[in-house]
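Welcome! Please take a moment with the sequence and the 3D view before reading the tour below.

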Amino acid sequence: MDYAVLTGIVLVAGVLLALVAQWRDWRPPLIVAILVGVAVRVLIMYTSAIDTWQPVDFVESFKPAGEAVLRGEDPVLASEGGWHFLPTIPYVYGILLWLGIPWEYAGRLVTVVADIVLIPLVAKLAGGPKASLRALQYALSPLALLVASVHGQVEPVALVFGVAAFVVARGPGSPERAGMTTDVVAKVRKGVAAYGLRDSIPRVIGRGGMLHRAMLPGPDDRATLKRGALAGVLMGLALCAKSWPIWLIPGMLLLLPNLRSRVAGLFTTGLVPLFFLVTLPIFAGTSLQQIPEVINTIRDIRPIVGEWGWTPHFTGGDWALRPDLATFGTNLIYISVVAVVLYWRRADPIDMTTAILLVFMVMTPRLGAQYLLWFMPFLVARPTRFAWPAIIGVSTWAAYGYLYMTQFDSGTWWVLHSEWSRASIVLLPVLALAMPWGRRIATAPALATLESQTKVKATSPA
């Protein structure tokens with residue numbers, strides 16, 4: 001990797017600038033943050049594209065998927081199982097290759113453009129007077145630069161749709177409103193009388209019950225339904241890029257204002273991946289008989305562990321097929337996510353989502369460095385006390401793998417990998433500390449807003 005020194009200098013300079021911006025409370029115009037993000041991403045994309053070293057999966061998995069689309073073949077089946085997701089991104093790869101763009105640029109162009117669009121979305125996610133500061137800090141995020149511009153992993157594509165779904169679900173107005181389970185908190189604050197319920201314990205089901213009332217159309221029902229449906233479409237596109245955005249769905253649904261909009265959001269979230277699946281015979285040349293095989297290939301995740309966290313200490317720091325560790329770790333993730341949802345159930349959904357993604361990183365038995373980008377837009381937008389130790393820690397760990405270990409031959413790489421993967425365990429407590437422990441309940445301004453809205457609803461004529 002010829003460009004490692006230059007890339008390292010850009011990454012370190014970016015972190016220092018982001019920290020100085022935090023210290024001095026810089027709030028540059030959003031366009032400045034975007035231009036800075038464009039400049040550093042294009043620079044690193046260019047130096048990565050002309051280098052003699054290219055990531056293995058970038059060449060042996062992503063490129064064959066795009067070439068398969070050019071040939072009119074299913075990218076999941078044609079690339080010998082190298083592509084384990086819906087063919088949405090390979091369609092884009094195929095278009096760029098058809099335009100004659102060299103793969104070294106075409107493969108990274110998809111992720112770089114997505115990561116640039118994420119910069120203003122992080123500002124929207126953050127909201128408030130420091131929105132442009134958060135955008136600048138994400139523009140300089142070292143891990144985002146490595147994943148998007150060096151590796152070309154499609155995490156930024158999944159994130160750009162996932163974060164956009166959050167922004168749409170929250171809707172217009174003050175960002176402090178975000179994250180309220182509005183129906184629950186407003187009921188607690190105003191009591192059942194404000195909702196016209198005659199019993200001290202409201203009925204949930206049946207005619208006149210909470211569920212029935214929630215499904216009745218309201219004065220702004222069309223607008224909220226459209227909002228829910230659009231947020232769901234965006235989240236569905238995120239799922240078409242990768243399967244992991246399923247962890248973002250609870251937060252998106254909680255940001256929507258009522259049950260009807262949440263049902264609409266959940267419906268369209270599932271509808272989009274289904275559309276890309278059933279249209280495989282049209283766009284990818286897949287026969288109807290092959291669709292079950294495509295589904296099985298997408299579902300098939302080999303239990304390879306030993307890259308990150310606690311499992312390398314059972315494998316000696318090497319990759320290993322360990323179904324026992326993979327199964328135990330997967331169950332640990334499910335239990336931990338349920339606990340996080342319960343613990344942060346009254347928090348801002350963005351904070352709850354940050355907690356879900358961070359606890360995943362702590363508990364997971366398997367992980368690629370690109371997974372660590374999942375929580376980055378959310379943690380940058382709403383930083384916690386230990387946000388920057390976590391950001392710097394995971395970025396340093398990933399940069400060691402991307403920039404230093406790739407300087408050596410295969411044998412030396414494996415020796416370094418053994419130590420590198422086991423060293424990752426020191427980051428687990430840092431990630432745990434970076435969770436939004438002090439924000440279990442949404443902020444007082446949001447409660448005040450909800451109370452005033454409830455008063456208007458209670459006093460308005462029928």
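N296 is found in helix α16, which covers residues 291-299. Helices here are DSSP runs of H or I with at least four residues, strands are runs of E with at least two, and both are numbered from the N terminus. At 46% relative accessibility, N296 counts as partly exposed. In sequence N296 and H84 are 212 residues apart, yet their C-alpha atoms are 9.4 Å apart in space.

Before going on, a word on where this comes from: residues are numbered from 1 along each chain as its sequence is written, and the model is a predicted one, in which local features need pLDDT of at least 70 and side-chain atom pairs count only at pLDDT 80 or more, while totals for chains, interfaces and linings use all residues. Side-chain values use heavy atoms, with hydrogens and water left out.

**The whole protein**

The protein has 24 helices and two strands. Of its 462 residues, 52% are buried. Contact means heavy atoms within 4.5 Å. Among contacts with a separation of 6 or more, 76% join residues 24 or more positions apart. The protein exposes about 20600 Å², and carbon and sulfur atoms supply 68% of that area. Accessible areas come from the Shrake-Rupley method with a 1.4 Å probe, and for residues only the protein chains shown count as cover.

**Pairs that are apart in sequence**

The table lists like pairs, with their separation along the chain and between C-alpha atoms.

| Pair | Apart in sequence | C-alpha to C-alpha |
|---|---|---|
| A39 and A139 | 100 residues | 9.6 Å |
| A169 and A229 | 60 residues | 9.1 Å |
| L230 and A165 | 65 residues | 7.6 Å |

A39 has its place in helix α2 (residues 30-49), and at 47% relative accessibility A39 counts as partly exposed. L230 belongs to helix α12 (residues 221-241) and is partly exposed too, with a relative accessible area of 44%.

Is A169, by contrast, buried or exposed? A169 counts as buried, at 0% relative accessibility. This residue lies in helix α9 (residues 155-170). Leaving aside residues up to four places away in sequence, A169 touches R227, A231, M252, L255 and L256.

**Two helices side by side**

Helix α1 (residues 4-24) packs against helix α21 (residues 387-404) at an angle of about 175°, with the axes 11 Å apart. The axes are lines fitted to C-alpha atoms, for helices over the stretch in contact, and the angles run from 0 to 180 degrees between N-to-C directions. The value makes α1 roughly antiparallel to α21; that term is for angles over 145 degrees, while under 35 counts as roughly parallel, 65 to 115 as roughly perpendicular and the rest as oblique. From α1, the contact is made by A4, T7, G8, L11, V15, A18, L19 and Q22, and from α21 by W388, I392, A399 and L403. These residues divide into nine nonpolar, three polar and no charged. Here Ala, Val, Leu, Ile, Met, Phe, Trp, Tyr, Cys and Pro count as nonpolar, Asp, Glu, Lys and Arg as charged, and the others, Gly among them, as polar.

Phi of D25 is near 55°, a positive value in a residue other than glycine. Most residues other than glycine have a negative phi. At 31% relative accessibility, D25 counts as partly exposed.

**Aromatic rings**

How many aromatic pairs does a search of the whole structure find? The search finds 27. Rings of Phe, Tyr and Trp (its six-membered ring) pair if their centres lie within 6.5 Å; planes under 30 degrees apart count as stacked, over 60 as edge-to-face and the rest as tilted.

F58 and F62 have ring centres 6.4 Å apart and planes at 80°, so the pair is edge-to-face. Both lie in helix α3 (residues 56-70), four residues apart, about one turn of the helix. F58 is buried, with a relative accessible area of 1%, and F62 is buried at 6%.

For F360 and W374, the ring centres are 4.9 Å apart and the planes are at 40°, so the pair is tilted. F360 lies in helix α19 (residues 349-363) and W374 in the loop between α19 and α20 (376-381), so the pair ties together parts 14 residues apart in sequence. F360 is buried at 8% relative accessible area, and W374 is buried at 3%.

Finally, ring pairs link F58, F62, W83, F85, Y93 and W103 into a cluster.

Notes:
Buried < 20%, exposed > 50% of the residue type's maximum accessible area, 1.4 Å probe, protein only.
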